[in-house]
Amino acid sequence: MTTNSTSPPSRVPPPPRWAVRAAQVVAWSTAPSGVWRIALVLGVPVGVMEREEFLAGFPDHSPLVAMAYVLLIGAVAETASYLTLGLVRPWGEVVPRWIPLLGGRPVDHRFAVLAAALGALAVTVLWWILFFGGLLTAPSPDPGVSAGEVLFVASYAPLLLWGPLLAAVTWSYHRRHRVRGGCAARRRVGSE
């Protein structure tokens with residue numbers, strides 16, 4: 001028994017392969033720093049900071065509060081970076097049905113572009129200027145570079161990709177939706 005599925009053709013062109021790959025890189029860019037922070041709280045020697053030094057910033061030097069903080073920061077960062085995939089996946093076009101009140105509704109591409117563009121700006125400023133800018137201009141107590149510092153930089157360096165790649169994927173999403181709006185209709189009229 002065969003079924004003839006006649007789903008309407010997508011009005012939005014598919015994302016280019018580079019945009020899909022860039023979105024996947026963004027989705028994974030936050031994982032190394034999250035693992036580094038979890039290792040720090042668990043007491044794994046990460047070289048830049050000792051566990052006790054990190055725990056000193058929490059009430060009663062509580063490892064439980066520190067772990068909750070680290071897991072919360074990691075969850076927020078992973079969720080935010082994962083949302084980039086929505087710009088290249090079907091759930092970036094139509095809200096998944098399992099989401100209460102909004103499920104099945106089309107995503108307002110203008111809102112998605114605005115939110116993603118502001119996110120790209122925010123994480124670029126956060127990681128490029130505030131974090132790595134401060135890291136590069138901070139006085140070093142030791143002229144050499146330790147293995148712990150190399151591990152730290154290797155864990156946080158992928159975050160430098162987040163903002164620029166999110167901006168590029170956002171631009172691709174915007175262009176694909178702009179084509180759907182006005183340019184595609186003009187092309188059809190011009191070709192007839």
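Is leucine 101 buried or exposed? Select leucine 101 and see. Its relative accessibility is 78%, so leucine 101 counts as exposed. Keep in mind that this is a predicted model.

**Stop 1: leucine 101**

Stay on this residue. Leucine 101 sits in the loop between H4 and H5. Look at its backbone: phi is near 70°, a positive value in a residue other than glycine. Most residues other than glycine have a negative phi.

**Stop 2: the whole chain**

Now zoom out and colour by secondary structure. The protein has 7 helices and 0 strands. Read from the N terminus, the order of elements is α-α-α-α-α-α-α. Of its 192 residues, 30% count as buried. Turn to the contacts between residues at least 6 apart in sequence: 71% of these join residues at least 24 apart.

**Stop 3**

Select tryptophan 36 and phenylalanine 152. Show their rings. The protein holds 7 aromatic pairs under the ring-centre rule. In this one, the ring centres are 5.0 Å apart and the planes meet at 70°, so the pair is edge-to-face. The cut-off for that label is an angle over 60 degrees.

Tryptophan 36 and phenylalanine 152 are both buried.

Tyrosine 156 pairs with phenylalanine 152 in a tilted arrangement, 4.8 Å from centre to centre with 35° between the planes. Both residues lie in helix H6, 4 residues apart, about one turn of the helix. Phenylalanine 152 and tyrosine 156 are both buried.

Trp36, Trp127, Phe152 and Tyr156 make up one aromatic cluster.

**Stop 4: down the axis of H6**

Select helix H6. Which of its residues are buried? They are Gly148, Phe152, Ser155 and Tyr156. Now turn the view to look down the helix axis. The buried residues of H6 fall within an arc of 90°, so they line one face of the helix.

**Stop 5: the largest pocket**

Show the surface and find the largest pocket. Its space is about 960 Å³. The lining consists of 41 residues. To find the centre, select Val76, Ala77, Ala80, Leu83 and Trp162, the lining residues that lie nearest to it.

Which elements give two or more residues to this lining? They are H2, helix H4 (63-82), helix H5 (109-137), H6 and helix H7 (159-191). H5 gives the most, with 8 residues. Colour the lining by class: 32 residues are nonpolar, 6 are polar and 3 are charged.

**Stop 6: leucine 85**

Go back to the loop between H4 and H5, where leucine 85 is placed. Leucine 85 has a relative accessible area of 6%, so it is buried. Show what surrounds this residue. Beyond its neighbours within four places in sequence, leucine 85 is in contact with Ala23, Gln24, Ala27 and Trp91. Then draw a distance from leucine 85 to valine 25. They are 60 residues apart in sequence, yet 9.6 Å apart from C-alpha to C-alpha.

**Stop 7: methionine 49**

Move to the loop between H2 and helix H3 (51-55), and select methionine 49. With a relative accessible area of 28%, methionine 49 is partly exposed. Not counting residues up to four places away in sequence, methionine 49 touches Leu40 and Phe54. For another distance, pick glycine 148.

**Stop 8: arginine 176**

End in helix H7, where arginine 176 is found. Is arginine 176 buried or exposed? Arginine 176 is buried, at a relative accessible area of 7%. Which residues does it contact, leaving aside neighbours within four places in sequence? Arginine 176 is in contact with Val12, Pro13, Pro14, Pro15, Pro16, Leu87, Val88 and Glu93. The C-alpha atoms of arginine 176 and arginine 11 are separated by 9.5 Å, while the two residues are 165 apart along the chain.

Definitions and conventions
Residues numbered from 1 in each chain as written. Predicted model: local features only at pLDDT ≥ 70, side-chain atom pairs only at ≥ 80, totals over all residues. Heavy atoms only, no water. Phe/Tyr/Trp six-rings, centres within 6.5 Å; stacked < 30°, edge-to-face > 60°. Buried < 20%, exposed > 50% of the residue type's maximum accessible area, 1.4 Å probe, protein only. 1 Å grid on protein atoms, 1.4 Å probe; cavity = no way out; pocket = protein on both sides within 12 Å on 5 of 7 lines; lining within 4 Å. Points joined across faces, edges and corners; volume = space filled by probe spheres on them. Nonpolar A, V, L, I, M, F, W, Y, C, P; charged D, E, K, R; others polar. Arc of directions from axis to C-beta. Contact = heavy atoms within 4.5 Å.
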